[in-house]
Amino acid sequence: MANTPDYSWPPMDQRKVIGQPYKRVDGPAKASGRAKYSSDYLSRDLLFGAYQTCPHAHARVLSVDTSEAESTKGVMAVHVAAPAGTEIQWAGAEIAAVAATSTEIAWDAVRKIKVQYEVLPHLVNETDLSKAGARAKAAGERLTGDPDKAFQEAEVTSEGHYGIPVINHVCLETHGSVTQWKGQGDDSQLQCWVSTQDVTHYAGSLAPNLKVPAANIHVRQDHVGGGFGSKFSPDAWGEVAARLSQKAGGRPVKLFLDRATDQKIAGNRPSAYGWIKIGGKRDGTITAWESRTWGTGGFTGGGSPPLPYIITGIPNQRMNHTAVSTNIGPSRAWRAPNNQQASYMTCGAVEDFAAKAGLDPLEVFKINARYTPEARRDTYLFHFDKAAELAGWKKLWHPRGESGPGPMKRGLGIGFNAWAGLGHQSQCRVTLHADGSVNVDIGTQDLGTGTRTIILQVAAETLGLPIGAIKLAIGSNDLPPDSASGGSTTVGGVSSSTRKASMNALAKLYELAAQTLGTTADQLEAAEGRIRVKGTPAKSITWQAACRRIPASGVISEIGETNPRNPMGLMAGGVAGVQMADVSVDIETGVVKVNRYVAVQDCGLIINPRLAESVCYGAISQGISTALYEQRFMDGQTGRMLNPNMEFYKLAGIGDIGDIVVHLDIRPENDKRGVVGLGEPPAVAICAAIGNAVANAIGVRVPNIPMTPEHVLAALEGRTV
Amino acid sequence: MRGVGIGGGALGTGLLEKNAGAGTTPASVVGPGAVPITLHINGKPVTLTVEPRVTLSNALREHLGMTGSKRVCDRGTCGGCTVIMNGKTVYSCSVLAIDAQGKNIETIEGLAAPGQLHPISQAFWNNDGQQCGYCTSGFVMAMKGFLDEHPNPTVEEVKHGLGGNLCRCGAYMGIRKAAMEAAKAIQQGGKHG
C-alpha cells in the first residue's frame with residue numbers, strides 16, 4: 001500500500017532513545033510508597049470484605065446459615081457463594097462473603113456463618129501414582145520411530161526419576177478488587193479497581209455473570225502487586241465483590257483474598273513427576289527416549305510437560321503421560337506453563353545419561369543440539385559455549401561426584417529454555433495537541449516489567465521528543481484495547497502499536513508542516529524536538545511550531561494497531577537460552593547454596609537493556625526459590641494445605657540467590673528480528689541447572705525439586721521421600 | 001524452617017519482651033470497643049479511634065490512608081508492612097496500634113517531602129531494586145533501619161540485614177546494589193550537610 005508508512009525500527013546505530021537503559025518511569029512512585037495499588041484504595045464509604053471458606057477437600061454443602069453474621073453490627077451485606085447442594089472440590093473454596101465497615105468486623109462476621117457439610121472422600125497427593133486409582137487418566141501412548149530396537153542397540157542407557165511439586169504463585173498483592181455497583185438494571189454502573197494482568201477484558205468477563213452491559217463496567221488499575229500468570233480473569237471474587245456492593249446500596253467493597261486463601265485456591269502450578277530412560281552412543285548422541293510421567297493441575301487434571309523438551313528430534317521415542325485429578329485449588333498459568341517441568345525432566349535425564357557415559361554434559365548437550373528446532377540450533381550452540389565461558393565451566397567442572405574431600409561439595413549444572421513470545425493484539429492512540437503536548441493511550445498494564453517505560457521510549461524515539469514531553473495513560477478500559485499480559489507478548493504488542501500510532505500521527509503532522517517548510521510530507525522527519533527536511537537538517541521548524549498549525553478546534557489523534565498475524569518485522573517469537581548453576585552442597589546437613597548463576601538469554605531488539613536485565617534477574621531469582629525451597633504440603637488425612645502462608649511456604653530471600661550473571665545476546669542478527677518478550681524464557685531452566693549441579697556435586701541424582709535438606713539427605717542415603 | 005508459628009515474627013522484633021511487663025498491669029486494660037488513641041507518626045501526633053485489636057498496619061492503611069506499608073503475609077514474615085518504631089524496624093502487622101502509642105513511628109510517607117526522594121528511594125530507583133513494587137516500601141524502611149545501625153555495610157551484611165523482607169519478583173540483585181549506593185549517598189550527604 002502506497003500510503004502505509006514504513007513502520008520498521010530505525011537501524012541500531014541511529015536509535016536515540018530505544019536501546020538506552022532508562023530508569024523505570026514509575027520508579028519514584030514505587031520507591032517512595034506513593035504508588036497506589038488497587039488494594040490501597042480507601043474512601044470514607046468503603047466496606048471491607050472477607051470470605052468464609054470450606055475446610056474440607058471434598059464435601060457437599062448441606063446448609064449455610066448467615067443469620068448471625070447478618071445481624072452483626074457493622075455488617076452491610078452478606079452473599080452466599082456456595083448454597084446448599086453445592087459440591088466442593090478443594091479446601092479453601094469460597095462459601096460465603098460479608099462486607100462490613102471494618103476489616104475486623106468482617107473477619108468476626110464470617111466466623112459467625114454456620115455451614116454444615118457432608119464430607120466426601122478426597123485425594124490431595126499425587127506423588128504416588130499407584131494410589132491415584134480412578135483419579136488417574138492416561139493420555140495414551142505417543143510413539144516415534146522404533147524405541148525398542150533403539151534401546152537394544154544403544155551403547156549406553158541411563159534412567160532416573162524426576163519430579164517438581166505443585167507450587168504457589170504467592171503474588172504479594174493477593175487476588176481481588178475494590179468494586180462499586182451503583183444504580184440498577186440497565187442503569188447499573190460498575191467501577192472496579194482491580195489487580196489483574198488483563199485490564200481490557202476484565203469487564204467483558206464480568207458482564208455476563210452480573211447481567212450488566214460490559215460498556216457499563218469501568219476498570220482501573222495503576223499498579224499490580226504481582227501476577228506471574230495467576231491474574232487473568234476477574235475470578236469468582238470479582239463477581240462477589242460486585243454483588244456485595246449492590247446489596248450494600250452501592251458502597252464500594254474491597255474484597256481481596258486473605259493470604260491463606262490466596263495460596264490455597266488462587267495460584268497453583270501443576271506438578272510433574274516421572275521416570276525417564278535414555279539410550280545412545282558412547283560419544284553422547286542420544287538415539288532413544290522413553291518416559292512415563294504424571295502430574296496434577298487440580299481437580300480438572302491438566303498440565304502435561306512437552307517432552308522431550310527442546311531436543312524434540314530424538315528419532316525414537318515412547319511417551320506416556322497420566323493426568324491426576326486431585327482435590328486442590330485449580331491450576332493457573334505460571335511464567336512459561338509446563339516449560340519449567342519439561343526443562344527439569346529433560347535436562348536431568350540428559351545429565352544422568354552423560355554421567356553414565358562418563359562424558360562432560362556440556363559436550364552431550366552440544367552433540368544433541370542436532371535435535372533442537374533448526375531456527376535456533378546455532379543459537380543454542382553459541383549459548384552453550386558462551387554460558388560455559390561465563391560460568392568457568394572448563395576450570396570448575398569435574399566428573400560427577402568427584403568433588404574432593406570434606407563435607408562441602410561443589411558442582412556445576414546445565415539447563416536450557418525456549419519460548420515463543422511474539423506480541424499480542426494491541427491498539428495505541430497518539431494525540432498531538434496544538435500546544436505541542438502529546439498523549440499516548442493504551443489499555444494495557446505494567447506488571448513491573450517496565451511496560452510504561454518502554455512505551456514511552458518507543459513514542460519518544462518515533463516522535464523525536466524527550467520522554468518527559470509525552471503523557472502516557474495505561475490501566476483503564478476507557479483506553480484503546482490491549483490484551484492480557486501473558487506469554488511474554490506485552491512488549492511486542494505495545495511497542496508495535498505505539499510505533500504505528502506515533503508514525504500515523506506524525507504523517508498527519510508532516511502534512512501541516514510541509515507547507516511551512518516548502519516541501520512535501522514524505523520528505524520530512526521528526527528528530528531532536530524538530531520537524532525537519534530529510535538530508536537537510538537545517539531546514540526545520542520546532543515541534544511546537546509544527547503543532548501550532550493544528551487547528552485550535554481539533555487535534556491529531558491516530559490509532560496504531562498490532563496484529564499478531566502480521567508482525568511486519570516489528571516483533572518476533574522464538575527464543576533460546578542456556579543457563580548454568582554453580583552450587584555448593586553440605587553433605588552433612590543437606591543444605592544447597594547457589595554460588596553463581598549464569599544466564600545467556602536469546603533476545604530480539606532490546607528497547608531497554610536495564611529493564612530487560614531486571615526481568616531476567618527476577619525470573620532467575622524466582623526460579624532459584626522454586627528449585628531450593630518452594631513446596632506445597634498437603635495433609636492426606638484432612639485434605640488441607642499445611643503451609644498456606646509465607647512462613648512455612650518458603651521463599652528465597654536476598655541472601656539466598658547467590659550472584660546472578662545475565663548475558664543478553666544482543667547481536668545485529670537478533671536485533672533485526674524485532675522485539676521479543678523476555679518475561680518467560682529466562683524463568684524456565686533454573687530447576688534443571690540447579691538439579692544437575694547438585695547431582696554433579698554430590699554424585700547422586702536428587703529426584704525431586706525442591707533441593708531441600710530432606711530431599712538431598714534422602715538421596716545420599718539411598719532413600720526415597 | 002525458620003521461627004515458630006505466629007510468634008516468630010513478633011519475637012524477632014523484640015516487642016513481646018518489652019511489653020511483657022506492661023501486660024501484668026491490669027489498670028492498662030482497654031476495650032473491647034473502639035478507643036481513642038494518639039500515635040506519633042513522622043513527627044506529628046495523630047488521633048484516631050480503633051478497637052484494641054487493630055494492628056498498627058491496619059490503623060495506618062485503613063484508618064489513616066497511609067498505604068505505603070502493605071499487608072502481605074499478615075503474620076510477621078515478609079516485611080511488606082515494615083515501619084520504624086523508636087528507631088527499630090518492626091513488622092506493623094505484628095504490633096497493635098494501641099501499643100504503638102507514645103512511640104516515635106516512622107513510615108515511608110515521612111521519608112521525603114512531596115516531589116522529593118530520600119537517598120534510599122533514589123538508590124532503589126537508580127539500581128532498579130523493584131519490579132511490581134509491592135515489597136518496595138517495606139524494603140525501603142527495612143533498609144533505612146539497617147543503614148541507621150550499619151552506616152557502612154558490606155554486601156554480606158546487607159544479605160543478613162535485609163533477610164527479613166521478601167520480594168516475589170526477585171529484585172534482590174538491584175536491592176543489594178541499592179543498599180551499597182544508599183549507604184554511600186547518606187554518608188556523603190552527612191558530610192556536606
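Begin by selecting A:K508, which is partly exposed with a relative accessible area of 35%; here buried means under 20% relative accessible area, exposed over 50% and partly exposed in between, with a 1.4 Å probe and protein chains only. This is a predicted model, in which local features need pLDDT of at least 70 and side-chain atom pairs count only at pLDDT 80 or more, while totals for chains, interfaces and linings use all residues. Residues are numbered from 1 along each chain as its sequence is written, chains are lettered from A and ligands numbered from 1 in the order in which they are written, and side-chain values use heavy atoms, with hydrogens and water left out.

Helices (H or I, at least four residues) and strands (E, at least two) are DSSP runs, numbered from the N terminus. A:E558 is buried, with a relative accessible area of 18%.

Over all chains, a search of the whole structure finds 41 salt bridges. One to display is that of B:D128 with A:R24, whose closest N and O atoms are 2.6 Å apart. B:D128 lies in the loop between α4 (119–126) and α5 (136–149) of chain B, and A:R24 in the segment before α1 (27–31) of chain A, so the pair joins two chains. Both B:D128 and A:R24 are buried.

Most residues other than glycine have a negative phi, and most peptide bonds are trans. At A:K211, however, phi is near 55°, a positive value in a residue other than glycine; A:K211 sits in the loop between α5 (199–210) and β13 (217–220) of chain A and is exposed, with a relative accessible area of 70%. A:I310 has a phi near 65°, again positive, but A:I310 is buried, with a relative accessible area of 6%.

Finish with the cis peptide bonds. One runs from A:I705 to A:P706, with omega near 0°, and A:P706 is in the loop between α17 (686–698) and α18 (709–716) of chain A. Another joins B:G31 and B:P32, where omega is about 5°.

Definitions and conventions
A salt bridge is a side-chain nitrogen of Lys or Arg within 4 Å of a carboxyl oxygen of Asp or Glu.
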